[in-house]
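Hi,

Here is the structure I said I would pass on.

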Amino acid sequence: MMKILIDTHIFLWICRNEPRLPDKAIAFVENIDRNRFYLSDVSAWEAAIKYGQGRLHLPEAPERFFPDRVRRAGYTHLPIDLTHVTNVHGLPPIHRDPFDRLLVSQAKLEDMTLLSEDAVFDQYDVDTIRLRDIS
């Protein structure tokens, strides 16, 4: 069973039934018997900031949206741990996005694979899955 950490945009696409998600990807993220899926506090934090700035529309406030959608999907909530935060310093300076860097730290420390369409993760020493990789 693979442990998969879902990037923020992928989680939002899942919740919105985004047309960019191929049928195989939908089947993959819905198969909670075969893999264990996680959504990090990092994603909820990032989305809450964008929501507060008016840059992200959600059908309800983030404090209701995220717990409800994680539960509905059958995913596991991944809290931010002090170890996750303090190990960010050891990542190469590929880019400065603190949310992405914390996701990389969590994935590495928790032995998870990142599910993302963001190509920047390919530059880190972390396992990643892109939608095109799902078959």
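**Pockets**

The largest pocket has a lining made up of F11, I14, C15, N17, L21, I26, V29, E30, R69, R72, A73 and Y75. The space inside the largest pocket comes to about 220 Å³. Sorted by class, its lining has 8 nonpolar, 1 polar and 3 charged residues.

Before going further, the ground rules: this is a predicted model, with pLDDT of at least 70 needed for local features and pLDDT 80 or more for side-chain atom pairs, while totals for chains, interfaces and linings use all residues. Residues are numbered from 1 along each chain as its sequence is written, and side-chain values use heavy atoms, with hydrogens and water left out.

You will want the pocket criteria too. On a 1 Å grid over the protein atoms alone, a pocket is an open set of points with protein on both sides within 12 Å along at least five of seven lines, where a 1.4 Å probe fits; lining residues have an atom within 4 Å of a point. Grid points are joined across faces, edges and corners, and the volume is the space filled by probe spheres set on the points. For the classes, Ala, Val, Leu, Ile, Met, Phe, Trp, Tyr, Cys and Pro count as nonpolar, Asp, Glu, Lys and Arg as charged, and the others, Gly among them, as polar. Helices (H or I, at least four residues) and strands (E, at least two) are DSSP runs, numbered from the N terminus.

The second largest pocket has a volume of about 150 Å³. Around it sit D7, T8, H9, L12, W13, R16, E46, A47, K50, L56 and D100. Both α1 and α3 (41–52) supply at least two residues of this lining, and α1 gives the most, with 5 residues. The class count for the second largest pocket is 4 nonpolar, 2 polar and 5 charged residues.

Is T8 buried or exposed? T8 counts as buried because its relative accessibility is 6%, where buried means under 20% relative accessible area, exposed over 50% and partly exposed in between (1.4 Å probe, protein chains only). Setting aside neighbours within four places in sequence, T8 is in contact (heavy atoms within 4.5 Å) with S43, E46 and A47.

What is the strand order? The open sheet has 5 strands in the order β3-β2-β1-β4-β5, with parallel pairing; β3 (76–78) and β5 (128–129) are the edge strands, each pairing on one side only. Two strands count as paired if DSSP finds at least two bridges between them.

- β1 (residues 2–6) and β4 (residues 113–115) pair over 3 bridges, and I6 has L115 as its bridge partner in β4.
- β1 and β2 run parallel and are joined by 4 bridges; I4 has F37 as its bridge partner in β2.
- β2 and β3 pair over 3 bridges, with Y38 opposite T76 in β3.

Since 5 of the 6 residues of β2 are buried, that strand is largely enclosed by the rest of the structure. Helix α2 lies across β1, β2 (35–40), β4 and β5, at about 90 degrees to β2. That angle is between N-to-C directions on a scale from 0 to 180 degrees, using axes that are lines fitted to C-alpha atoms, for helices over the stretch in contact.

**Two positive phi values**

Most residues other than glycine have a negative phi. N17, however, has a positive phi near 50 degrees. N17 is in the loop between α1 and α2 and is exposed, with a relative accessible area of 66%. D111 has a positive phi near 55 degrees; D111 sits in the loop between α6 (98–109) and β4 and is exposed at 63%.

Cheers
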